[in-house]
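Me: I would like to go through the salt bridges and check each label against its cut-off.

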Amino acid sequence: MRHLLIVLALLSFAAAAQADIVINEIMYNSAYDPDVEWVELHNTGPASVDLHDWYLLDSDTSHPPCFLEGILGVGQYLVVAADVGVFQDRYPDVENLNPLGFDPAGNGFGLGNGGDSVVLYDDGGEVVDTVTYDDSSPWPSSPDGGGPSLELINPNLDNDVAASWDPSVDIGGTPGVINSTYAADGPPVCRDGRRDIALPQADDTVTITVRAFDDGGAPTVELFMDIGAGFNPVTMFDDGLHGDGAAADSTFGIRLSPQPNGTVVRYYARATDGLGQTNFWPGDAPAEYRAYTVGFTAPAVGVNEIVADNATGDVDEAGEHEDWVELHNAGPVAVDLGGMFLSDDLHNSDKWAIPAGTVIPAGGYLRFWADKDLDQGVLHADMKLSAGGEAIGLFGSRDQGNTLINGWQFGPCAPDAAVGYRHDYAPAAHGAAHRVFPEYLTASTPGATNTTAGYFSAVCINEFHTTSAGGGVDDWVELHNRGTMAVDLSGAFLSDQRSELTKFRIPDGTVLAAGGYLVYDETTLGFGWSSAGDDVIVFAAADSVTGLDFYDFGPQTPDVSEGRLEGGQDIWAFFPEPTPGAANGGLSAVEERVLPGPVLGPVRAHPNPFNPSTRLRFTLNAPAEVTIEIIDVAGRRVRTLRPGALEAGPQTVNWNGELENGRRAASGTYFARVRANTDVAVGRMLLIK
């Protein structure tokens with residue numbers, strides 16, 4: 001299941017970065033001919049960082065990533081150029097230059113002159129830092145072709161806020177050295193705010209944390225909270241006693257008492273240094289704030305269908321063929337979408353707010369044009385879709401918590417290709433142990449059910465496996481012909497990247513019989529997949545443009561495969577007994593294996609994601625002797641909990657986030673494997689620090 005999507009939905013209030021590597025300077029439109037684009041990174045400490053397999057991207061995740069190399073020491077800088085040769089011609093004295101460029105000879109991605117995003121990822125695919133800049137107020141305009149670069153005034157400032165940046169004093173910027181606009185005695189830093197429960201209920205105590213520090217010593221940090229009577233400050237603490245982790249670690253916390261259902265809790269944080277200088281999180285507070293509604297239940301509305309390359313299909317009111325996104329309300333009542341957000345970036349939960357008064361009827365469909373033509377009406381969204389594949393998501397409003405309601409990634413799309421739920425969107429239609437994933441469809445069906453469309457490709461990705469306890473050759477993918485006729489696969493492609501579709505070419509003369517199976521392992525493919533769930537599987541036609549199938553998977557368990565239910569259905573499940581080259585089990589078979597005997601229902605962690613502790617919940621239908629093993633993504637047992645003999649009924653067991661040796665567990669995905677007598681069930685959870 002795509003648990004990763006849930007995690008990404010929290011980024012509106014939870015920064016993914018832990019490393020102190022910051023995007024420190026950007027040259028997105030130089031005054032030189034040829035243009036010299038570059039990005040500078042800076043390590044603010046406290047330790048050196050190995051950047052191997054870290055990478056940069058712009059706002060379009062379908063672009064090829066620019067991988068980084070080397071170790072960046074504390075206080076050091078690394079320049080990443082668009083084209084290394086062009087950069088060296090203009091800046092011959094800069095030696096701390098990444099060997100790879102992000103747009104060599106125009107074969108990568110460039111930085112938009114009218115605004116763009118620069119995103120830094122670590123080697124696990126987690127976002128470390130993001131800067132979304134513009135060339136107009138409140139951002140300085142002179143870096144757009146006027147000669148200066150865009151410089152961060154102090155690397156401890158929030159670099160996604162315009163006020164933290166100035167044009168460089170020097171024409172051409174200061175790549176590889178301290179910025180010309182650097183100010184040492186700046187305001188304190190206040191950033192990386194988090195709450196530990198995405199959608200709190202009436203009995204939940206909510207912990208809010210922020211990171212705050214200052215060159216002159218620890219700042220005073222306050223949380224301004226409004227539960228209906230205006231914003232009022234309360235002190236946050238860095239003493240290890242308020243959900244803030246260790247004492248004096250620059251993380252300040254406060255626990256908010258439970259509130260009745262329906263209460264809207266709005267909040268922001270302010271740090272103040274000894275000189276009276278202040279900084280806020282979020283950066284534009286108090287105009288911008290974070291919030292949640294106690295007891296909020298997301299409506300039964302989801303992204304039902306998209307067309308990312310509308311060449312000859314429907315036209316909008318202006319007679320233009322534009323990309324579009326369709327929502328479906330699977331519920332029994334109309335839903336006012338006003339204030340909710342649509343985004344083509346699951347890292348950006350508030351990209352475009354749906355206008356007030358936009359209502360989708362019960363059982364209805366509503367199409368938004370993804371064309372950035374806001375002047376053409378309320379159903380025109382401020383985004384475009386990439387035919388190379390990206391993501392699409394619907395998020396709750398600011399006051400609803402701004403968490404993901406429904407979202408998914410999609411692969412490369414040929415002209416007029418539609419991607420959507422084969423049997424229409426329905427929340428949790430098949431239970432927590434299974435997942436329904438969108439498909440390439442034979443035709444688009446705007447404003448109507450997708451059930452009239454068929455599967456675009458008879459051959460589909462049917463099952464895959466990424467990790468085993470014993471190691472060895474354990475990455476493989478299985479294709480299945482769910483159609484009634486043989487299919488010639490000569491020249492079709494398999495890949496683990498949307499930006500590089502042609503990684504493995506299926507040999508000429510490869511014909512897959514009706515009902516047949518075809519398995520390729522990592523030795524044949526020349527690549528494998530990450531068990532952490534940060535990869536995708538792409539199956540493309542011989543033209544290397546037409547997507548045939550695509551699957552975006554989450555964390556995997558050793559010796560368990562993931563695949564479609566028997567017959568190539570659009571329902572995906574985990575199989576404790578993989579079946580490469582043969583039919584997968586049906587729904588009942590999966591349930592018997594994943595949720596057997598005394599353990600009923602899935603094992604759930606709450607809160608999830610969590611920091612520092614979580615509660616593991618499950619139900620027994622008979623008394624049982626229970627042990628719980630905490631497993632990391634490499635399949636290693638890192639902690640064993642021994643509740644012992646438990647009676648029948650609902651159960652809750654706490655995990656404090658500590659390993660067997662008493663140390664704190666590192667950030668990442670973990671599995672709780674609950675054994676009740678001879679039966680086993682597994683739940684997933686994410687520890688975020």
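Me: Why is Arg 398 counted as buried?

Reply: This is a predicted model, in which local features need pLDDT of at least 70, side-chain atom pairs count only at pLDDT 80 or more, and totals for chains, interfaces and linings use all residues. Residues are numbered from 1 along each chain as its sequence is written, and side-chain values use heavy atoms, with hydrogens and water left out. Buried means under 20% relative accessible area, exposed over 50%, and partly exposed in between (1.4 Å probe, protein chains only). Arg 398 has 19% relative accessibility, so the residue counts as buried.

Me: What makes Arg 398 and Asp 350 a salt bridge?

Reply: The term requires a side-chain nitrogen of Lys or Arg within 4 Å of a carboxyl oxygen of Asp or Glu. The closest N and O atoms of Arg 398 and Asp 350 are 3.2 Å apart, so the pair qualifies. Arg 398 is in the loop between strand S28 (391-395) and strand S29 (404-409), and Asp 350 in the loop between strand S23 (341-343) and strand S24 (352-353), so the pair ties together parts 48 residues apart in sequence. Strands (E, at least two residues) are DSSP runs, numbered from the N terminus.

Me: Why is Asp 350 called partly exposed?

Reply: Its relative accessible area is 27%, so Asp 350 falls in the partly exposed class.

Methods: Helices (H or I, at least four residues) and strands (E, at least two) are DSSP runs, numbered from the N terminus.
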